[in-house]
Amino acid sequence: MPEPIVRDATAELIAELTRRGLTIAVAESLTGGLLAAELIRIPGASVVVTGGVVAYNTAIKHSVLGVDADLLSEHGAVHPRVAEQMATGVRTALAVDGREADVGIGTTGAAGPDPQDGQPVGTVFIGISIDERTQVLELALDGGRAAIRAAVVTAAIAAALDLLLDTAE
């Protein structure tokens, strides 16, 4: 009996970005670099991955990524508009030779063990920015800190790939 085919969404994302000549940058809070590490796991990723910003401290979300200070003050870091602004802001923050990244991903949420900004553990927002389109995925995850962070990476890759494939060339 043949082995089942296992889909590697990260490899598919890197291949599609490469095929289209596009670049990607990531802004991470609760994932703390795991998303960037997952992207660069794929050989040849250096052609498309411009880099990542670990904006774990809320102030960095504003100073480096340009997230609105009033939004952060009023709602905290675990908010859908924060994820959206992280995704769009990282495209500019990690521009190369004046060219902003074509795709931006932002992750923010409460991985635990304690709630954050009034949000329960497992509340996560993932922002994806491609061209003029930005979408935010809201997740309510169960499990421990490591499981939540791993699930966010998987969801972010899948969401970016889906939006990229849905975006006209």
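**Note on the fold and core of a predicted model**

1. The buried residues of helix 6 pack against helix 1, helix 2, strand 3, strand 4 and strand 5 (133-140). Buried means under 20% relative accessible area, exposed over 50%, and partly exposed in between, with a 1.4 Å probe and protein chains only. Contact means heavy atoms within 4.5 Å. Helices (H or I, at least four residues) and strands (E, at least two) are DSSP runs, numbered from the N terminus.

2. On the source: this is a predicted model, where local features need pLDDT of at least 70, side-chain atom pairs count only at pLDDT 80 or more, and totals for chains, interfaces and linings use all residues. Residues are numbered from 1 along each chain as its sequence is written, and side-chain values use heavy atoms, with hydrogens and water left out.

3. Which residues of helix 6 are buried? They are Ile148, Val152, Val153, Ala155, Ala156, Ile157, Ala159, Ala160, Leu161, Leu163 and Leu164. An α-helix has 3.6 residues a turn, so residues three or four places apart point the same way.

4. The length of helix 6 checks out. Its 22 residues should span 32 Å at 1.5 Å a residue, and the end C-alpha atoms are 31 Å apart, which agrees. The expected span is 1.5 Å times one less than the number of residues.

5. The largest nonpolar core has 35 residues, of which Leu13, Ile105 and Ile126 touch the most other members. Elements giving it two or more residues are helix 1 (9-20), strand 1 (24-28), helix 2 (34-40), strand 3 (103-109), strand 4 (123-130) and helix 6 (145-166). Helix 6 gives the most, with eleven residues. Such a core is a set of buried Ala, Val, Leu, Ile, Met, Phe, Trp, Tyr and Cys residues joined through side-chain atoms within 4.5 Å.

6. Take Ile126. Leaving aside neighbours within four places in sequence, Ile126 is in contact with Ala83, Ile105, Gly106, Gln135, Val136, Leu137, Leu139, Val152, Ala155 and Ala156.

7. Overall, the protein chain has six helices and five strands. Their pattern along the sequence is α-β-α-β-α-α-α-β-β-β-α. Buried residues make up 47% of the 169 residues. Among contacts between residues at least 6 apart in sequence, 65% join residues at least 24 apart.

8. UniProt, in an unreviewed entry, lists residues 10-161 as "domain: CinA C-terminal". Such annotations may be inferred rather than shown by experiment. Over residues 10-161 the chain is 41% helix and 22% strand, and the end C-alpha atoms are 8 Å apart.
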